[in-house]
Amino acid sequence: MTQSLYERLGETAGINAIVDDAVDRHAVNPLLGPRFSGKDLAHAKRMGAQFFCMGAGGPQRYEGRDLRTAHAGMNISEQELIATIDDFVAAMQSQGVGTTEINEVVAILYSLKGEVLRI
C-alpha cells in the first residue's frame, strides 16, 4: 500500500517540526517578518500544523478559519507567497524531507494561491 503524504512527512511529529521551523523562518524573513511581528506564533504554528496534517491526508480536523477568511484584507503579494513557500522548502530540507515530498508540498501550497493573494 502506498503511504500518504502525511505518513511520508513523519505524521504529526514530522509535520509539527516542519511547521515550527517554517513559522520561525517567516518571523525573521525580511519580506514576511513584519506580518508576524507581535503575532501569536504558537497559535499560528498550531493552526498551520492542523491545516498541513489534514491537507496531507492525516486524521486531524482543522479548526481554524478558511484560508480566504484568514487572509482577507491582508493584500498578500505573489512575492510573499513565494517567500512563504521558500521558507517551507528550507524547513522541509532541514528536517530531511525527500525531494518527491517537497515537490508535492510545493504544488499543494502553490495551488492555494487563489485563496490568499490580494484578498
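This is a predicted model: local features need pLDDT of at least 70, side-chain atom pairs count only at pLDDT 80 or more; totals for chains, interfaces and linings use all residues.
**Ground rules.** I kept to pLDDT of at least 70 for local features and 80 or more for side-chain atom pairs, while totals for chains, interfaces and linings use all residues. Residues are numbered from 1 along each chain as its sequence is written, and side-chain values use heavy atoms, with hydrogens and water left out.

**Count.** I looked for salt bridges (a side-chain nitrogen of Lys or Arg within 4 Å of a carboxyl oxygen of Asp or Glu). I found eight.

**Arg8 and Glu104.** I started with this salt bridge, at 2.7 Å from N to O. Arg8 sits in helix H1 (residues 5-8) and Glu104 in helix H7 (residues 99-111), so the partners are 96 residues apart and link distant parts of the chain. I take helices as DSSP runs (H or I, at least four residues), numbered from the N terminus. I also noted that Arg8, Glu101 and Glu104 are linked in a network of salt bridges.

**Glu80 and Arg35.** Here I read 2.6 Å, N to O, for the salt bridge. Helix H6 (residues 78-94) holds Glu80 and helix H3 (residues 33-36) holds Arg35, 45 residues apart. My cut-offs: buried is under 20% relative accessible area, exposed over 50%, partly exposed in between (1.4 Å probe, protein chains only).

**Lys113 and Glu78.** I found the closest N and O atoms of this salt bridge 4.0 Å apart. Lys113 lies in helix H8 (residues 113-116) and Glu78 in helix H6, 35 residues apart. Lys113 is partly exposed at 29%, and Glu78 is partly exposed at 32%.

How values were computed. Helices (H or I, at least four residues) and strands (E, at least two) are DSSP runs, numbered from the N terminus.
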